[in-house]
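Please look through the model below with its sequence at hand.

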Amino acid sequence: MKYMSQLKKSLNKVGQPRGSIIYTGFNTSEEMSIELIKYNQEQSKQIKISSIDDLSLYNNNDLKWISICGLNNVETIKRIGEKLNISSRVLEDVLNVGGRPKVEFYDDYLILILKVFFYDKSEMKVKQEQVSFILFDNILVSFQEFDNNVFDAVKYMVEENKGLIRKKGVDYLLYCLVDTVVDEYFTLLGSIEEKIENIEDSIVNSSKKEQLQEIYKIRKDMLILKTSIWPLENIIYSMIKEESSIKDGTKDYFKYISDHLIQIMEFIGIYREMILGMFDIYLSNTSNRMNQIMTTLTVFSTIFIPLTFLTGIYGMNFRYMPELNFKWSYPIFWLICLANILFLYKYFKNRNWI
């Protein structure tokens, strides 16, 4: 599974007129999968769709969730849009995976676009994908870039009739899916917090260049998280206040998501401060280590300065030097040197300079 930066995805759309249905993500070789989940209070059924012609949407007794994974087949996306009477501008936003999270309200449906984030422990980096939802009165369509099983728990709830999901409409299903996305944010923040703590411990013990690179990488990830999650507060607020396919009873559940988003943004703010603190600790440790090195070099230089002075004197080529003919001159010279070394070493040791 390959990922592109959000900017590179957006650049793929530059120069195209409004309404151009173009997939701006990475053209993966994996096939698109479409699954129709029909359910009511008594039963549910999951159907793999191999052809759009097999997509039956005319049974009004059942609620329907069309789960689409993989957006590289643009023609199939267009046919789905034609079957559900979805505007080309909406499909354009669905396939423009470098876009900003948003919600838009139309006469028959609303479209909600979010970012899902994952922490790849093998590559030690944050990855993202765009998820889009189109909500009708009794149909919900979800679009995912990759089949990453993020909504498997919701599918299990529908299949096993857990909670209220089969007792309420597709607007409640949308709430469950959005809540799952927000839960992934908490999971991601937990992984980031663990990584921050590990880097803090390693910085305190030793400062290495690799740690500075990790700090910059986390700082970049936090900026991406902030820009992608921050708009969701206004999006959820609009969904609560706007007259749309979301019923008043379900809007109360979205208020919980709004509270969670506020908490997530607080965590992001805290972690950003921690990252800045780690940067300061890194620079402080580096400066302290440099000072220690300079102190050690200065001490040893100071110890050898008197010795250099003595050897300089007796290295001069004068013929008449009174100590040259003295029998014990050489041993006395070394005694003086050793005594000087021991004295200075003890002096610096007592002052904790070495």
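This is a predicted model: local features need pLDDT of at least 70, side-chain atom pairs count only at pLDDT 80 or more; totals for chains, interfaces and linings use all residues.

Two residues are taken to be in contact when they have heavy atoms within 4.5 Å of each other. Leaving aside residues up to four places away in sequence, Ile66 touches Ile34, Glu35, Leu36, Leu55, Leu57, Leu84, Ile139, Leu140, Val141 and Ser142. One of these, Leu55, is 11 residues from Ile66 along the chain, and the C-alpha atoms of the two are separated by 9.1 Å. The relative accessible area of Ile66 is 0%, so this residue is buried.

Helix α7 (residues 248–314) packs with helix α8 (residues 329–350) at an angle of about 160°, their axes being 10 Å apart. Because angles over 145 degrees count as roughly antiparallel, α7 and α8 are described in that way, and their crossing is right-handed. On the α7 side the contact is made by Val299, Thr302, Ile303, Pro306, Leu307, Leu310 and Thr311, while α8 contributes Phe333, Ile336, Cys337, Asn340, Ile341, Leu344 and Phe348. Of the residues in this contact, 11 are nonpolar, three are polar and none is charged.

Cys337, a member of that contact, is buried, with a relative accessible area of 4%. Cys176 is likewise counted as buried, at 6% relative accessibility.

Methods: Residues are numbered from 1 along each chain as its sequence is written. Side-chain values use heavy atoms; hydrogens and water are left out. Buried means under 20% relative accessible area, exposed over 50%, partly exposed in between (1.4 Å probe, protein chains only). Axes are lines fitted to C-alpha atoms, for helices over the stretch in contact, and angles run from 0 to 180 degrees between N-to-C directions. Helices (H or I, at least four residues) and strands (E, at least two) are DSSP runs, numbered from the N terminus. Angles under 35 degrees count as roughly parallel, over 145 as roughly antiparallel, 65 to 115 as roughly perpendicular and the rest as oblique. A crossing is left-handed if the near helix is turned anticlockwise from the far one by less than a right angle, and right-handed if clockwise. Ala, Val, Leu, Ile, Met, Phe, Trp, Tyr, Cys and Pro count as nonpolar, Asp, Glu, Lys and Arg as charged, and the others, Gly among them, as polar.
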